[in-house]
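Have the model open as you read.

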Amino acid sequence: MARRHDLVGLTVLAMLSVRASHPYELHRFIIDTHKDYVTGLPRSLYHAVERLAKDELIVPAKTDREGRRPERTVYEITGDGRRELATRLHRLVEQPDPDRRTLVAAISLLGALEVPDAKRALRTRTASIEGTISGIDAHRRAMADSGLPEILTLKLECEQALYTAELAWLRDVLDRLDKGELDWTGTVRQSLMEQVLES
């Protein structure tokens with residue numbers, strides 16, 4: 001079905017979960033909200049829409065025409081599309097990936113999950129990162145104990161520093177969620193999307 005992560009397709013599903021739109025609106029929203037992990041616009045967006053429609057994760061809802069502009073097909077997400085969005089987004093949040101764009105994409109689209117689901121996924125990621133840091137630390141100690149020069153462990157040191165920073169950030173986000181300082185329950189997401197498109 002989907003290619004590895006298909007960040008463009010995931011973004012389309014997330015945006016269509018808020019409101020039905022045509023590809024031009026989706027393109028504008030991606031640009032206006034600086035979703036820089038989406039590359040190859042506009043071609044990648046149109047290809048993603050075609051793939052999602054072929055897989056019946058989105059369907060044409062209607063066709064619009066404004067003035068002399070060409071007709072534009074408005075798409076909406078299906079029930080299968082909503083389930084696929086939740087599955088893909090959970091996987092992206094939960095499973096660390098060497099390509100840091102996946103984390104940026106997942107966090108950018110986190111509002112497509114219910115708050116309790118997002119918290120569970122973030123906790124799963126936190127546990128995974130803690131394990132990764134412990135593994136790197138053990139590997140560094142073993143290399144040092146074997147007498148290898150420190151220059152050979154710099155790569156591991158860099159990875160450990162990046163994961164440690166991510167872990168601190170994850171814990172802060174979870175703390176804010178637990179305290180109710182960060183919450184998107186009840187947010188009128190459709191009006192927020194319209195606000196961006198009208199600005």
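Helices here are DSSP runs of H or I with at least four residues, strands are runs of E with at least two, and both are numbered from the N terminus. The expected span of a helix is 1.5 Å times one less than its number of residues. This is a predicted model, where local features need pLDDT of at least 70, side-chain atom pairs count only at pLDDT 80 or more, and totals for chains, interfaces and linings use all residues. Residues are numbered from 1 along each chain as its sequence is written, and side-chain values use heavy atoms, leaving out hydrogens and water.

Helix H6 covers residues 115-145, and its 31 residues reach 45 Å from the first C-alpha to the last, close to the 45 Å expected. Its buried residues (under 20% relative accessible area, 1.4 Å probe, protein chains only) include Val115, Leu122, Ile129 and Met143. After H6 comes Gly147, with a positive phi near 85 degrees.

| Partner helix | Residues |
|---|---|
| H4 | 79-94 |
| H5 | 101-108 |
| H7 | 154-179 |

Which residues have the most contacts inside the largest nonpolar core? They are Val12 and Leu122, in a core of 46 residues; such a core joins buried Ala, Val, Leu, Ile, Met, Phe, Trp, Tyr and Cys through side-chain atoms within 4.5 Å. Among the elements giving two or more residues to this core are strand E2 (72-77) and H6. Beyond its neighbours within four places in sequence, Leu122 is in contact (heavy atoms within 4.5 Å) with Val93, Ile107, Leu110, Leu170, Val173, Leu174 and Leu177.

Conventions: Buried < 20%, exposed > 50% of the residue type's maximum accessible area, 1.4 Å probe, protein only.
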